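Colleague: I am new to this structure. Please take me through some of the terms used for it.

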Amino acid sequence: MAKKKEQMPNRPQCFRSRSMEEDREDLCSDGAMRFTVAAYPKEAFEVMCMMRQHQKLCDIEIRVSNEIFHAHKIVLASASPYFKAMFTSGLKESDMSIINIQGVCPMSMAIIIHFAYTGQVKIEENNVCNLLPAATMFQVNHIIDACCSFLENQLDPSNCIGIADFALQHGCSNLSSIANQFIDQHFSQVSQGEEFLALSVCQMIMLIKRDELNVRSEMEVFNAVLRWVKHDKPRRCPKLPDILNAVRCHFLTPHFLKEQIQKCEVLKNEPQCCDYLSRIIQDLTVRRKYSCNQRTPKVPYVIYTTGGYLQHSLSNMECYNAQEKQWFSLADLPTPRSGLGGAFIEGKFYAVGGRNNCLDGNQDSDGVDCYDPITNKWKSCCKMTIARNRVGVGVLDGLLYAVGGSKATVHHNTVERYDPAEDKWYKVQNMLTARIGVGVAVVKRLLYAVGGYDGNSRLNTVECYNPEKDSWTLVASMNTNRSGAGVVALDHYIYAVGGYDGALQLKSVEKYDTEANEWVFVSPMSSRRSALSVAVLDGKIYALGGYDGTNFLNTVEVYDPEKDTWEAAPKMSCARSGQASAVWRAPCLAHGIS
């Protein structure tokens, strides 16, 4: 053994053994080596393909219509369970040399045979509709998958309904699911197309019943239904009552419904539909409970926050994705300002009022800017009737309310509301008390103004605005005086988070039960915060930034109502107080959502 070891270095290189680590998979236990030629299967099939082309050793003739295809049974059986069963299961075809195939076009048969020999398939618009059924018939899963991938890549608002139906007919469940998700995601564009207008009554009802429809408001669904009905009024009008039951009409505004009853030519001739919509208006105006739930599209929602103050007023805007636990920078506000209010209406973020604190002086703002998350751009809107710094903002019936605020030393009890469709502001009834740093929340079509500062003292009082009566009434007062608190609605509760009581910044939190008309304390935050912003995302309350009496904060805390606990979340990109925050779907620029 010692002698052999001395001779081993003198062996020719080609006979020297390799280390086990280098060729572990190739080395056999007896010292032999196993070689695998990766190109061999391809080379062998190339020879078989050439032999087929020259009709050498072919043992089967496939006839489709008037075309004849020569092939080898073993190759077809290896590619298709259909042919394997035909040739090996004792069927009469197993001994036949000529097979007639029905229900397949010659082009599809040629493609499938070519694939059996080469593993290659070219799919185009002019062959996929015939090829997928043929591949399904012959159980050639690789071609089925390729067809599905091609159709998935072709999905468009103009063809997605047809692709979803086609996939369902041929048992392609994954493609069907993907196509239906595409329909949900792009419903607004899909509803403008010819395929949508061609839907049957049952298909229409099934579609608009879906929770996942991605619409900015239920008006999109309602208007889509009317377009569909008008496309074939004689046959579709009688079905309108059933279809309207699938629309979530309780999420339409009374004003919109009244306009439809009065002006819509389709509805005027359908008294049953008018009666149904009138009952919904009654439900909304008297605030009856109803079982209808909001749609839940499968797109991520994020928190948007903009403006604020840190040594001077800020213009930067960012959004927070809780799934990724990450902040993304977005387009800056056109004008820096703090003490502004913000809210979403039909997918657009409105930044309202505030003050531009800068070296050149302080200027209270009557300005309104609108941000589109899809384009990541701002545009100016109609200004308010007066400047409002530290204004409260809320959305009721698709209208934007600007509540209180101040201009210089004047503290407002005035309220105005903005109609985005008209780009106009209208005055409504004044509050009972002037309020700046007021929190606003909406529950069951009632708008609440919570706390604030009247120019003399911090307030614990709360007023409630009824749009039908255009009037304000006092409801139960908070347990603590608060201005600059974060105020937000969750279910039928209103939460007042932090704020300033005239002596200290607060970390206490209390919630108002709108049904019981009482306030109770819940767990406090870990930090004191005034001039913070709050938002509800995934059933939890986020408290963002603010001022703790010494420092401006970039920290974020999250409250879980079920556990009554707070925990930390990722910090904002910078400290800020007096910013505006609201929740809507993720912008396409940050998350690839169109």
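Colleague: Why does Phe-83 count as buried?

Modeller: This is a predicted model, in which local features need pLDDT of at least 70, side-chain atom pairs count only at pLDDT 80 or more, and totals for chains, interfaces and linings use all residues. Residues are numbered from 1 along each chain as its sequence is written, and side-chain values use heavy atoms, with hydrogens and water left out. Buried means under 20% relative accessible area, exposed over 50% and partly exposed in between (1.4 Å probe, protein chains only). Phe-83 has 1% relative accessibility, so Phe-83 is buried.

Colleague: Why is Tyr-82 called partly exposed?

Modeller: Its relative accessible area is 26%, so Tyr-82 falls in the partly exposed range.

Colleague: Why is the pair of Tyr-547 and Phe-552 called tilted?

Modeller: Their centres are 4.9 Å apart with 40° between the planes, so this aromatic pair is tilted. Tyr-547, at 24% relative accessible area, is partly exposed, and Phe-552, at 29%, is also partly exposed.

Colleague: How do you know that Lys-511 lies over the face of Tyr-493?

Modeller: A charge sits over a ring if NZ of Lys or CZ of Arg is within 6 Å of the ring centre and within 35 degrees of the ring normal. Lys-511 is at 4.2 Å from the ring centre of Tyr-493.

Notes: Rings of Phe, Tyr and Trp (its six-membered ring) pair if their centres lie within 6.5 Å; planes under 30 degrees apart count as stacked, over 60 as edge-to-face and the rest as tilted.
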